[in-house]
Amino acid sequence: MRKRIWAAGLALGTAGAAVVGGVAVAGNGGDDGPISHQYTQEQADAATKAALEATGGGTANSVETDDENGATYEVEVTKPDGTTVDVRLDENYGVVVIEDDSEEPGFG
């Protein structure tokens, strides 16, 4: 009886480790971690509003702090036509650049 309990515990422990490992790998995408999320909710809301105005609407997928191209914020937006762009904004929420965020070769 003890052998069965031990084997079941080993199997559950292995499955649990695989799940935890999978989450860690899946969670390690393109995000730069806490450094890219140094903003208040009010700043995120203002950046989102400015980005959506600049793209003519759509859906804001994410907001990050960013220093690429002299920007302060980056908002990823899926535009009404289905394309995805990165809208980089300065500290006053003015558009610095809007770049294609396509994963296809030759873009980005």
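Helices here are DSSP runs of H or I with at least four residues, strands are runs of E with at least two, and both are numbered from the N terminus.

A quick word on the source: this is a predicted model, so local features need pLDDT of at least 70 and side-chain atom pairs pLDDT 80 or more, while totals for chains, interfaces and linings use all residues. Residues count from 1 along each chain as its sequence is written, and side-chain values use heavy atoms, leaving out hydrogens and water.

Now the helix. α2 covers residues 41-55, 15 residues in total, and spans 21 Å from first C-alpha to last, close to the 21 Å expected at 1.5 Å a residue; that expectation is 1.5 Å times one less than the number of residues.

Which residues of α2 are buried? They are A44, A47, T48, A50, A51 and T55. They sit on the same side of α2, because their arc around the axis is only 170 degrees, taken from the directions from the axis to the C-beta atoms. The face turned away carries exposed E42, K49 and E53. Buried is under 20% relative accessible area, exposed over 50%, and partly exposed in between, with a 1.4 Å probe and protein chains only.

So what does the buried side pack against? β1 (59-65), β2 (73-78) and β3 (84-89). Take A51: beyond neighbours within four places in sequence, A51 contacts V75, V77, V87 and L89, with contact meaning heavy atoms within 4.5 Å.
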